[in-house]
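Reader: I have a model open and want to learn how to read its features. Please take me through it.

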Amino acid sequence: MSEKLHEDKVYEKLDYTGQTHRFHEFISCSFSGCNFSGTDLSDNHFLDCKFENCNLSLTKFKNAKLNNIRFENCKITGVDFAVCNDMFLSMSFGGCILDYANFSERKLKKTSFSHCSMKECDFTGSDLSQSIFDRCDLSAAIFQQCNLEKADFRTATYFMIDPERNRLKKAKFSTDGLAGLLYKYDLVIE
């Protein structure tokens, strides 16, 4: 990746493990089967890009711009999205492993998370209003001081959300998920 502007390019089965690639701009690019594990992608700008079947575990995105990015069937464990550039931040996730990812203080309004493992994700202080958590495992995920208004948790599992510490107006939950809202009261719900 010696040039700085990459437009409408397809990257397949490339291994960037542990490398540093900074100050690049990717527009309408596709990454398929690539390994970015431990790669430093700080200060890059990704616009209208798709990552499919990629390993992005522990990838660094400090000050990176992620605008309209689609992650499909990717492993994205331990990624700190809290250090991304917050301007125009927009992503969607389908079939991804996002365990231990940090989304704290991010504006993620209308973000779609579908069929994702999101164990121990940190959403502290995030705006997740109108976001969808479709069939996501939210075991031990942290929701503190979040805007969850109109968010959809109807098919999400294993979440624990304190209604007193989050904004939940018109958020959607199934009756099966009510235990995740009442956990702190130590109730027996059968």
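Reader: How many disulfides does a search of the whole structure find?

Author: First, the ground rules. This is a predicted model, where local features need pLDDT of at least 70, side-chain atom pairs count only at pLDDT 80 or more, and totals for chains, interfaces and linings use all residues. Residues are numbered from 1 along each chain as its sequence is written, and side-chain values use heavy atoms, leaving out hydrogens and water.

Author: A disulfide is a covalent bond between the sulfur atoms of two cysteines. The test is a pair of cysteine sulfur atoms within 2.5 Å. The search finds zero. C34 is in none; its nearest cysteine sulfur, in C54, is 4.7 Å away.

Reader: Is C34 buried or exposed?

Author: Buried means under 20% relative accessible area, exposed over 50%, and partly exposed in between (1.4 Å probe, protein chains only). C34 has 2%, so C34 is buried. C146 is also at 2% and counts as buried.

Reader: Where is S92 found?

Author: Strands are DSSP runs of E, at least two residues; helices are runs of H or I, at least four; both are numbered from the N terminus. S92 sits in strand β9, residues 91–94. Its relative accessibility is 17%, so S92 is buried.

Reader: Which residues is S92 in contact with, leaving aside neighbours within four places in sequence?

Author: Contact means heavy atoms within 4.5 Å. For S92, the partners are I69, R70, F71 and S112.

Reader: Where is the place of L178?

Author: L178 lies in the loop between β11 (132–134) and α1 (179–182). At 39% relative accessibility, L178 is partly exposed.
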